Amino acid sequence: MLLQNQTVLVTGAGRGLGHHLAQSFADEGAAVVVNYRNSSDAAHALAQKIGSDRAVALAADVTDPAQIDAMLTQARKHFGRPVTTVVNNALPDFSFNGDARRRADQIGYGDFAAQLDGIVGGAVNTIQAVLPGMREAGGGSVINIGTNLFQNPVVPYHDYTAAKAALLSLTRTFAADLGPEGIRVNMVSGGLLRTTDASAATPEEVFELIAASTPLRKVTTPEDFAAAVLFFASDWSRAVTGQNLVVDGGLVMN
């Protein structure tokens, strides 16, 4: 039970990758706040599956600081201790459909602003909200969820990729600023995962092509990805901050 003394907030945990991350933290003994915006039924079902002593499903839109504060108050009341690890996974509405996305001569700045508000703004709001509790606990860990599309822009997710790139910059500047307080900030970046809600409609031949392109000859699973996130939350990474670990079977090599 690697993380049994931790209280972990996973934003956007009602579905997709966030759901897998919350379950993985619970499997290692952590108390987990299963945050959701719209996916109430799935979030509450996950919390019920884990058990009320180690999980609670709480609604909050991470673009609204007041909602985050209210969520953290409820979480502390439920567990009796502050959040010490945050996984910034929540996304604004986005369609992962490369064929339907607007290309460079069509996309407007409003699309970029929406992604920046949700991805970067949401992370800033959440990190700032948990800092008092982390300081009280004597330290903490922030893990931001990125993408390998920085290095390998194979689909025209211009707005999403730009916001995730900005989140990488935030990861490094916050790591430098918060490090003296024992608060580490890192990023874990993946590519197409087999399988989440975002990749559920992906044709089998695409998975096969990606697998053939990686040194490990496999497509990364949500469980593979979660293992790297757990590393950054654990004491095994106590001397690591400001880093971006790409978890995609070696498809992209930094």
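Modeller: Strands E5 and E6 (residues 183–190) pair in the parallel sense over 8 bridges, where strands are DSSP runs of at least two residues, helices are H or I runs of at least four, both numbered from the N terminus, and two strands pair if DSSP finds at least two bridges between them. This is a predicted model, in which local features need pLDDT of at least 70 and side-chain atom pairs count only at pLDDT 80 or more, while totals for chains, interfaces and linings use all residues. Residues are numbered from 1 along each chain as its sequence is written, and side-chain values use heavy atoms, with hydrogens and water left out.

Biologist: Which residue of E6 is the bridge partner of Ile145?

Modeller: Ile145 is one of the residues of E5 that are buried, and E5 runs parallel to E6. The bridge partner of Ile145 in E6 is Val188.

Biologist: Which residue in E5 is the bridge partner of Thr85?

Modeller: Strand E4 (residues 85–88) is joined to E5 by 4 bridges, and the two run parallel. The bridge partner of Thr85 in E5 is Ser141.

Biologist: Is Thr84 buried or exposed?

Modeller: Thr84 lies in the loop between H3 and E4. Leaving out residues up to four places away in sequence, Thr84 touches Gln6, Thr7, Met134, Ala137, Gly140 and Ser141, where contact means heavy atoms within 4.5 Å. With a relative accessibility of 16%, Thr84 counts as buried.

Biologist: At roughly what angle do the axes of H3 and H4 cross?

Modeller: Axes are lines fitted to C-alpha atoms, for helices over the stretch in contact, and angles run from 0 to 180 degrees between N-to-C directions. Pro65, Ile68, Asp69, Leu72 and Arg76 in H3 meet Asn125, Thr126, Ala129, Val130 and Glu136 in H4. The axes of H3 (residues 65–79) and H4 (residues 109–137) come within 8 Å, and they cross at roughly 35°.

Conventions
Buried < 20%, exposed > 50% of the residue type's maximum accessible area, 1.4 Å probe, protein only.
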